[in-house]
Amino acid sequence: QVEALTMTDFPAFKVRGVMHDVGRSFIDIEELKRQIDLLAQFKVNVFHWHLTENQAWRFEIKAFPQLTSATSMTRFPGKFYTQAECRELEEYAYERGVTIIPEIDMPGHFSAAMAAYPQFSCNPNGPHRVETWGGVFTDVLNVADPKAVRFVKDILDELMDIFPSENIHIGGDECPTTAWENNKQCQEMYKRLKLTSYRQLQTHFIDEISTYLRSKDRKISVWNETVTEKGADLQLMKKTGATVYCWVPARR
């Protein structure tokens, strides 16, 4: 016989999540649904969906259709998720208590995007390619070009139309500054802002994107290199209020 009692139970951690990098390894929607069922079963409440990579762009952007077609001739199959499929998965996850946090990695990990739309790179007339192997690549977004920044804001608009998550992840990891150091617009921005490191161009870009996301009632998430790489503007990063995900040990 068990006496009447009141039991109070709650998870030790508010956020309990997993991440899928579908940029390098595509997973179809039905399999993702099965995995979300498993997450819900084990009370995992966040699914971090890493949708873009140097090797592939997996999220349909109607304003820029070349993003998803640029990978069709690589060893990474040119598969992608339509916006209808993404909306379907979002609703499926919501019904099971799982929040999808989407990630569009920028301004690095952007080779596929630059191959599709080289006018937003630091070398529009130069060679661009969708990468077919792993590594860190220098073909990054031209963060000093207002048109390039508008390009990524338009991408984020379509992303936010599908995913209501308060947090929007923009990556920020493994972003070499080489292209910026050799680009006239970036050099002029560096001088105008009186910067001391080209890494600070990335910090200013993150600040602009975080301001834009706040205007849409969203919050920015980033990887830890945005604060741990040498030269980053830590005070400006603090101002953004970014949620920092650590995938490598913190270092200075």
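Modeller: One definition comes ahead of the questions: two strands pair if DSSP finds at least two bridges between them. The model is a predicted one.

Biologist: Which residue of strand 3 does Phe 47 stand opposite, and which residue of strand 2 is the bridge partner of Val 18?

Modeller: Phe 47 stands opposite Ile 100 in strand 3. On the side of strand 1, five bridges join that strand to strand 2, again in a parallel run. The bridge partner of Val 18 in strand 2 is Phe 47.

Biologist: What is the handedness of the crossover from strand 1 to strand 2?

Modeller: Strand 1 and strand 2 run parallel and are joined by five bridges. Between them the chain passes through helix 1, residues 29-41, which makes a β-α-β crossover. Its hand is right-handed.

Biologist: How many residues of strand 2 are buried, and how many of strand 3?

Modeller: Strand 2 is covered on both faces, with Val 46, His 48 and His 50 buried on one side and Phe 47 and Trp 49 buried on the other. That gives five of five residues for strand 2. Strand 3 is also mostly covered, and its buried count is four of five.

Biologist: Is Val 2 buried or exposed, and which residues form a nonpolar patch with it?

Modeller: Val 2 lies in the segment before strand 1, residues 17-21. Its relative accessible area is 72%, and the cut-off for exposed is over 50%, so Val 2 is exposed. The patch has about 400 Å² of accessible area together, and the residues that form it with Val 2 are Leu 5 and Met 7.

Biologist: Where do Asp 37 and Arg 96 lie, and how many residues apart in sequence are the parts that the pair ties together?

Modeller: The side chains of Asp 37 and Arg 96 meet in a salt bridge, 2.8 Å from N to O. Asp 37 lies in helix 1, and Arg 96 lies in the loop between helix 3 (83-95) and strand 3. Both residues are partly exposed, Asp 37 at 32% and Arg 96 at 31%. The pair therefore ties together parts whose separation in sequence is 59 residues.

Biologist: Which helices are tied together by the salt bridge of Glu 208 and Lys 153?

Modeller: The two side chains meet at 3.0 Å, N to O. Because Glu 208 lies in helix 8 and Lys 153 in helix 5 (residues 146-162), the pair links parts 55 residues apart in sequence. Glu 208 is partly exposed at 36%, whereas Lys 153 is buried at 13%. The helices are helix 8 and helix 5.

Biologist: In the salt bridge of Arg 129 and Glu 131, which residue counts as buried?

Modeller: The side chains meet at 3.1 Å, N to O. Arg 129 has a relative accessible area of 56%, so it is exposed. At 9% relative accessibility, the residue that counts as buried is Glu 131.

Biologist: How many salt bridges does the structure hold?

Modeller: Salt bridges also link Asp 21, Arg 24 and Glu 53 in a network. For the structure, the number of salt bridges is 14.

Biologist: What is the phi of Lys 194, and what is the phi of Glu 174?

Modeller: Lys 194 is in the loop between helix 7 (184-192) and helix 8 (199-215), and its phi is near 55°, positive in a residue other than glycine. Glu 174 is in the loop between strand 4 (167-169) and helix 6 (178-181). Its phi, also positive in a residue other than glycine, is near 45°.

Technical notes:
Residues numbered from 1 in each chain as written. Predicted model: local features only at pLDDT ≥ 70, side-chain atom pairs only at ≥ 80, totals over all residues. Heavy atoms only, no water. Patch = residues over 30% accessible without salt bridge, like charges linked within 9 Å, V, L, I, M, F, W, Y side chains within 5 Å. Areas by Shrake-Rupley, 256 points an atom, 1.4 Å probe, with all protein chains shown as cover. Salt bridge = Lys/Arg side-chain N within 4 Å of Asp/Glu carboxyl O. Helix = DSSP H or I, 4+ residues; strand = E, 2+ residues; numbered from the N terminus. Buried < 20%, exposed > 50% of the residue type's maximum accessible area, 1.4 Å probe, protein only. Right-handed = clockwise from strand over helix to strand, strands pointing away.
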